[in-house]
Amino acid sequence: MDRSQRIPHEPKSANRFEAAVSLWDLDLRLLDSSKGFQDHTALASKKDLTLWEAYPALAKPVPAALIRQAIDTGEPRTIQIDTPKQGKCNLLVSLIHTGLLVIETKAASIGPPSEDNEKAQLIHQATHDVLTGLPNRRQFSAELAQLLPASGKIGPALMQLDLDDFKPVNDTLGHGAGDIVLKLAAERIKETLGQGGTVYRLAGDEFAIIQVRPQQAFEAEQLADALVAAFKKPFIVNGISLFVGVSVGVAIAPRDGNEDEQLMKAADVALYAAKKEGRRRARTFDPTMLIVVEQRELLRRSLRVALQRDEFFIEYQPLIEPPSTVVGFEALLRWRHPTLGIIPPAAFIPMAEADGLMREIGQWMLEEACREALSWPEHYTLAVNLSPAEFLTPGLTDRVSQTLDIVGFPAERLELEITEGVLLERTINNLDTLNTLNVLGIQISLDDFGTEYSSLSYLKNFPFDTIKIDRYFIKDLMQDTKSQTIVRSVISLAHGLDMRVTAEGVETPQQAGWLLQEGCDRLQGYCISPPMRAERLEEFIRQGGRSQSTATTFDEIHIRP
Ligand code: C2E
Ligand code: CA
Ligand code: CA
């Protein structure tokens, strides 16, 4: 580096802000500087001063990336920073043949200090979110646009974050509680992110992160997973534990898009995939996701008319009690799509819920299942699933009791299955709803137990008749002693609370034998029978509960005396 090239010192003018000019080598150590720089910079005389020491604000990911870009591309960049002495400043950074030239000028126009403060405050307000103090969408757009297009192979990572189950908090506990959750969520995101990027609040419960790291794809995925994990802990608001998760969509420039709009769309599509796959997870964009989006739009349109077109039908799966008595059936919804064939409920129920269609579909399901069950022998019960959206719509108990009246199906033979998620959402009214259903004589089962929150307080406060242990714990029961311990404890917990236990997803006679030996009250699963169409069910009942479709019959389930 040619150290003889000196920067001419600018003439001093008493009240004017003096531009601070500095020249740095490519390791970003100071080579030369103007008087203005020496006046403004506390450490100006330090030996081997680095750019980062002179302007600590530049070490933040976004400005640091802009500096790297200026060096890599040779194109000058303007970076706005806060300096302790001068307030908001613009730094014009450009590569010249002797090194990196940095010219600092004051960002706001010169005026009396109070006006400057006001201006700074206005700027802050315009670029920051009042509630969380995070930079807002405007700031986000400006910073993203500054970073793109990325010059090298690796540019910034963009993450779109969306809280899961935030709306019920707002709707049920009020906006005050919602605001607290948003603030705590913002803190949690910032803490997890650390120094590697900036977090923005875009709107409502939507946040974004711009991350700039050397090993971008890998580090972005690591961060996204850490964020999801960080949201597994509850938020404590006014003494109540609220479980609000986060879904994250990741896109990396330039791979997934090298313009701001394109990159945002990619992150959005990835976020959408994370939501669709069950929320509370992170997904990185891949182009096949776009096809899924189109398919989904197609599916969504046909779902709206599926009910009128009579495309839904029900399958029934038996539940047995030891030694091998069929006690009832769980009704499972199916959709026969005219061109795509049979679509499983996991694929369309979340969509129906999101589009507000689930109430109508659920109503059809309940009525149809009760009608079909009328033709069964009277001692068989009918279990029907209620999705959270159905459970939370007002007037559920009236609708259920009216349906039972219209169809003439006895309440005592109906079991409603709800998942733990439902209980989080409107705690006091939920208890009312459950109690009213109980009073009507309807049985209530807690479905998929063990997969969500498994908070024991629900078991204390809600009048369940049955706990259904999720198949997650059943599938490796014979190999995994931990699953055995959990299942054993759930059985004894339920019995201690005077509740029945059903094991779901029992696939082998060995599992069935083990469960019955441990005192599990009821079994359901392919080992007994997969779900059957109504026609097949008639045959199954006629044959006294022997499924044609599996080799296994109850006689093959070896139960120890
Ligand atoms: P779920 O309530 O846990 O239903 C049991 C699911 O496990 C069913 O899946 C059933 O076919 C499957 N299954 C039964 N035995 C076995 C087994 O031995 N091994 C394995 N691997 N799986 C087994 P399906 O029918 O795909 O339903 C998935 C979920 O969709 C249900 O889970 C339930 O949450 C929901 N669902 C189904 N029908 C309705 C409905 O009418 N309304 C609502 N709200 N949700 C429904
Ligand atoms: Ca169920
Ligand atoms: Ca279940």
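Visitor: Which residue takes a positive phi just after helix 20?

Guide: That's Gly 519, with a phi of about 95°. Helices (H or I, at least four residues) and strands (E, at least two) are DSSP runs, numbered from the N terminus. This is a predicted model, where local features need pLDDT of at least 70, side-chain atom pairs count only at pLDDT 80 or more, and totals for chains, interfaces and linings use all residues. Residues are numbered from 1 along each chain as its sequence is written, chains are lettered from A and ligands numbered from 1 in the order in which they are written, and side-chain values use heavy atoms, with hydrogens and water left out.

Visitor: Okay, and which residues of helix 20 are buried?

Guide: Helix 20 covers residues 509-517, and its buried ones are Gln 511, Ala 512, Gly 513, Trp 514, Leu 515 and Leu 516. Buried means under 20% relative accessible area, exposed is over 50%, and partly exposed is in between (1.4 Å probe, protein chains only).

Visitor: Switching to cysteines. How many disulfides are there in the whole structure?

Guide: Zero, by a search of the whole structure. To count, a pair of cysteine sulfur atoms has to sit within 2.5 Å.

Visitor: Now the core. Which residues touch the most other members of the largest nonpolar core?

Guide: Tyr 316, Phe 329, Leu 382, Leu 414, Leu 416, Leu 515 and Leu 523, out of 79 residues in that core. Helix 12 (residues 358-373) gives the largest share, eight residues. A nonpolar core is a set of buried Ala, Val, Leu, Ile, Met, Phe, Trp, Tyr and Cys residues joined through side-chain atoms within 4.5 Å. There's a second, separate core of 43 residues, with Val 62, Ile 67, Ala 150 and Leu 158 among them.

Visitor: What does Leu 382 touch?

Guide: Not counting residues up to four places away in sequence, its contacts include Tyr 316, Phe 329, Trp 376, Phe 409 and Leu 414. Arg 413 and Glu 415 are also among them.

Visitor: On to the ligand. Which residues come nearest to ligand 1?

Guide: Gln 317, Arg 334, Arg 471, Glu 507 and Tyr 526, from 23 residues around it. A residue is near a molecule or strand if one of its heavy atoms lies within 4 Å of it.

Visitor: Which atom of ligand 1 lies 2.7 Å from Arg 471?

Guide: An oxygen atom, facing a polar side-chain atom of Arg 471. Glu 390 has a polar side-chain atom 3.2 Å from a nitrogen atom of ligand 1, and a backbone N or O atom of Leu 333 is 3.0 Å from a nitrogen atom of the ligand. A polar contact is a pair of N or O atoms within 3.5 Å; within protein, one must be able to donate a hydrogen and the other to accept it, and residues adjacent in sequence count only if both atoms are side-chain atoms.

Visitor: How much of ligand 1 does the protein bury?

Guide: The protein buries 84% of the 790 Å² that ligand 1 exposes when taken alone. Those areas come from the Shrake-Rupley method with a 1.4 Å probe; for residues, only the protein chains shown count as cover.

Visitor: Which elements give two or more residues to the shell around ligand 1?

Guide: Strand 14 (325-337), helix 11 (345-354), helix 12 and strand 18 (443-449). Strand 14 provides the largest share, four residues.

Visitor: Back to Gln 317: buried or exposed?

Guide: Buried, at 8% relative accessibility. Gln 317 sits in strand 13 (residues 312-321), and a polar atom of its side chain is 3.1 Å from the backbone oxygen of Ser 529.

Visitor: Last one. What is Ser 302 in contact with, leaving aside neighbours within four places in sequence?

Guide: Trp 335 and His 337. The side chains of Ser 302 and His 337 are joined by a polar contact of 3.0 Å. Ser 302 belongs to helix 10 (residues 288-306) and is buried, with a relative accessible area of 14%.

Methods:
Contact = heavy atoms within 4.5 Å.
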